[in-house]
Amino acid sequence: MQIPMWNVRLYEKQFNTRVVYDGHPTLFTIKLRHWGEFTKFPDVNYIDGTVTYIDMVDIEEFSVHEMDAIMKGLGYSVPPVIYYHFQLPKRDMHFGLRALGNDDDVRNLA
């Protein structure tokens, strides 16, 4: 069994990224919203979901395949095609959502 390089954290648990990531500039945390749904345009929001934090993700090793592994770790059965998005910092869902579907998108995320 392969041990994942990332760690799922419960929302309530404390995690000091400044201390843990100090000296490790390629590590980051994903704030993952899932089990919900998007509302329709023009008032786009994500509702009725769960927030899970994925810590210790290394951007140099991160890929869409790794995202699939994270989702499987959360209990999803990942079909052959699944769509991921990420939100640009300080942007809303109207103009800040970007696709995360291939290595170029992962480089955009980085």
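Reader: Which strands does α2 lie across, and at what angle does α2 run to β2?

Author: In this predicted model, α2 lies across β2 and β5, at about 55° to β2. Helices (H or I, at least four residues) and strands (E, at least two) are DSSP runs, numbered from the N terminus. The angle is taken between N-to-C directions of lines fitted to C-alpha atoms, for helices over the stretch in contact, on a scale from 0 to 180 degrees. Residues are numbered from 1 along each chain. Local features need pLDDT of at least 70, side-chain atom pairs count only at 80 or more, while totals for chains, interfaces and linings use all residues, and side-chain values use heavy atoms, without hydrogens and water.

Reader: Why is Asp-55 called buried?

Author: Buried means under 20% relative accessible area, exposed over 50%, and partly exposed in between (1.4 Å probe, protein chains only). Asp-55 has 0%, so Asp-55 counts as buried.

Reader: What does Asp-55 touch?

Author: Contact means heavy atoms within 4.5 Å. Leaving out residues up to four places away in sequence, the contacts of Asp-55 include Trp-6, Arg-9, Tyr-21 and Phe-28. Asp-55 sits in strand β5 and is the bridge partner of Asn-7.

Reader: How do you know that β1 and β5 pair?

Author: Pairing requires at least two DSSP bridges between two strands. Three bridges join β1 to β5, and these strands run antiparallel. They belong to an open sheet of three strands, in the order β1-β5-β2.

Reader: What makes β1 and β2 edge strands?

Author: Each of them pairs on one side only.

Reader: Why is the pair of Phe-28 and Phe-62 called edge-to-face?

Author: Rings of Phe, Tyr and Trp (its six-membered ring) pair if their centres lie within 6.5 Å; planes under 30 degrees apart are stacked, over 60 edge-to-face, the rest tilted. Phe-28 and Phe-62 have centres 5.9 Å apart and planes at 85°, which makes the pair edge-to-face. Phe-28 lies in β2 and Phe-62 in the loop between β5 and α2, so the pair ties together parts 34 residues apart in sequence.

Reader: Is Phe-62 buried or exposed?

Author: Phe-62 has 6% relative accessibility, so Phe-62 counts as buried.
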